[in-house]
Amino acid sequence: FDIYTVDLETREVTNVTDDETYDGAPVFSPDGASIVFTSVIGENDGHLFRVDLENRSQRYRLTEGDWNDKDAIYSSNGTWLVFTSDRDSERMTGRLVQSSGQGKEIYIMDYDGANQRRVTVNRSLNIGPAWGPDGRTLAYASYASRYPDIYLTTLDGRAPTRPAQGTDMIHNQNPAFSPDGTRIAFTSNRSGQTGYYDVWAVNRD
């Protein structure tokens, strides 16, 4: 798999990456000038790369190591990236299983890969990070309570909160901030229909 872009007016398709690795999960920078994506090198090693669209032949490697770094998202001002990694947890292989004991933590770094640091420290499965529009707030799904729930934290180290109030029967995932940052949309099975998830929203505070 390679990364492509398409012009919505002309329908012109452009090949951004052209190699023998699996490239996926592309995300545009806020200014539209570059794309960050995951490239799987070897059997299980996923790493993050950035490519500038004006010079697609040059790609910049942002993460390295014998682990999986994935799911990068730009902050609203384009200066930071949040991503998930199993570098400090049990290695992720195959499909994620709630009871497997596998773990992923949330990390942030500068847009060029510098100053990588860990945000979550719960040795659990933490996935689906989303930036608040203030560029200082993060929402993500975590199994820290042994079931998936939405967690909200800030970069100044405040203790995370759980605005969606999940339980062992109510599972919440896939957070997304409203444009003004006051509400969080998420998917949940709280309607009570087995196997069905709907979209809900909650105030962040």
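## Before we start

A residue is called buried when its relative accessible area is under 20%, exposed when that area is over 50%, and partly exposed in between, using a 1.4 Å probe and protein chains only. Aspartate 149, at 0% relative accessibility, therefore counts as buried.

The model is predicted, so local features need pLDDT of at least 70 and side-chain atom pairs count only at pLDDT 80 or more, while totals for chains, interfaces and linings use all residues. Residues are numbered from 1 along each chain as its sequence is written, and side-chain values use heavy atoms, with hydrogens and water left out.

## Salt bridges

Let us begin with charged side chains. A salt bridge here is a side-chain nitrogen of Lys or Arg within 4 Å of a carboxyl oxygen of Asp or Glu. Nine salt bridges are found in a search of the whole structure.

Aspartate 149 forms a salt bridge with arginine 162, at 2.8 Å from N to O. Aspartate 149 belongs to strand S13 (residues 149-154) and arginine 162 to the loop between S13 and strand S14 (172-177), so the pair ties together parts that are 13 residues apart in sequence. Arginine 162 is partly exposed, at 30% relative accessibility. In another salt bridge, arginine 87 meets aspartate 69 at 3.0 Å, N to O. This pair links distant parts of the chain, 18 residues apart: aspartate 69 is in strand S7 (residues 69-74), and arginine 87 is in the loop between strand S8 (80-85) and strand S9 (105-110). Aspartate 69 is buried, with 0% relative accessibility.

Aspartate 88 and arginine 118 form a salt bridge too, with their closest N and O atoms 3.6 Å apart. Here the two partners are 30 residues apart, aspartate 88 in the loop between S8 and S9 and arginine 118 in strand S10 (residues 117-118). Aspartate 88 is partly exposed at 34%, and arginine 118 is partly exposed at 25%. Salt bridges also link Asp19, Asp23 and Arg59 in a network.

## An open sheet

In what order do the three strands of the open sheet come? The order is S14-S15-S16, with antiparallel pairing; two strands pair if DSSP finds at least two bridges between them. S14 and strand S16 (198-203) stand at the edges with a single partner strand each, so one side of each has no neighbour in the sheet. From one strand to the next, the twist averages 30 degrees, taken between axes that are lines fitted to C-alpha atoms, with angles from 0 to 180 degrees between N-to-C directions.

Strand S15 (residues 183-188) is joined to S16 by six bridges. Isoleucine 184 has valine 202 in S16 as its bridge partner.

## Aromatic pairs

Rings of Phe, Tyr and Trp (its six-membered ring) pair if their centres lie within 6.5 Å; planes under 30 degrees apart count as stacked, over 60 as edge-to-face and the rest as tilted. The count comes to five aromatic pairs. One of them is the stacked pair of tryptophan 80 and tryptophan 131, 6.0 Å centre to centre with 15 degrees between the planes. Tryptophan 80 lies in strand S8 and tryptophan 131 in strand S11 (residues 126-131), 51 residues apart. Tryptophan 80 is partly exposed, at 22%, whereas tryptophan 131 is buried, at 9%.

How values were computed
Helices (H or I, at least four residues) and strands (E, at least two) are DSSP runs, numbered from the N terminus.
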